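Biologist: Could we go through the charged side chains together? I would like to begin with the pairs.

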Amino acid sequence: DVLERLSAADRKRVEHVEKLRESLQRDPSSGRPLFQPHTGRAPLAGGSRAGARPPQLPIGDFLHGLGDHQAGQRRERAARDQAEHAQEAAQSKVNVKSNSMVSKMKRRMIRKLFESLDV
C-alpha cells in the first residue's frame, strides 16, 4: 500500500514536471512555440520560382551569384542608357522656326555682301 502511494505520487510529480516543461516551451503572451518566428509571408526568393536558391548551393555562393547577376543587369542598363543618350545627342534639334531664322540671316548676309560689292 505504501509503495502504491509512493509510485502514484511519483507519477503525479513526473506529470507535473512534464506539464511545466511544455508550458516553458511556449510564449506566455501569445501561446506560440518559442524560437519559431511568425513572418506573415514566404521568402521573396524562395520556393519554386525562378532565381530561387537550390537547396544544395551554399547561401554565400548564392548571394555572390545574385550580386554578379544584378551587377550585369546594371551594366546592361547603363550601356543601353548611354547608347540612347548618344543617339539623342546625334539627332538634329533644329525645328522649323530656327530653320527659317537661319535662312533669313543667310539671305540678309548675302544681300549685304552683294550691296557692298556694288558700291
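Modeller: The side chains of aspartate 1 and arginine 5 form a salt bridge (3.9 Å, N to O). A salt bridge is a side-chain nitrogen of Lys or Arg within 4 Å of a carboxyl oxygen of Asp or Glu. The model is predicted: local features need pLDDT of at least 70, side-chain atom pairs count only at pLDDT 80 or more, and totals for chains, interfaces and linings use all residues. Residues are numbered from 1 along each chain as its sequence is written, and side-chain values use heavy atoms, with hydrogens and water left out.

Biologist: Is aspartate 1 buried or exposed?

Modeller: Aspartate 1 is exposed, at a relative accessible area of 67%. Arginine 5 is exposed as well, at 53%. Buried means under 20% relative accessible area, exposed over 50%, and partly exposed in between (1.4 Å probe, protein chains only).

Biologist: How many salt bridges does the rule give?

Modeller: The count is 3. Aspartate 10 and arginine 13 meet in one of them (2.9 Å, N to O), and glutamate 18 pairs with arginine 21 (3.1 Å, N to O).

Biologist: Where do aspartate 10 and arginine 13 lie?

Modeller: Both lie in helix α1 (residues 2–24), 3 residues apart, about one turn of the helix. Helices are DSSP runs (H or I, at least four residues), numbered from the N terminus. Glutamate 18 and arginine 21 are also in helix α1, 3 residues apart.

Biologist: And what about glutamate 18: how exposed is this residue?

Modeller: Glutamate 18 is partly exposed, with a relative accessible area of 37%. Aspartate 10 is partly exposed too, at 38%.

Note on methods
Helices (H or I, at least four residues) and strands (E, at least two) are DSSP runs, numbered from the N terminus.
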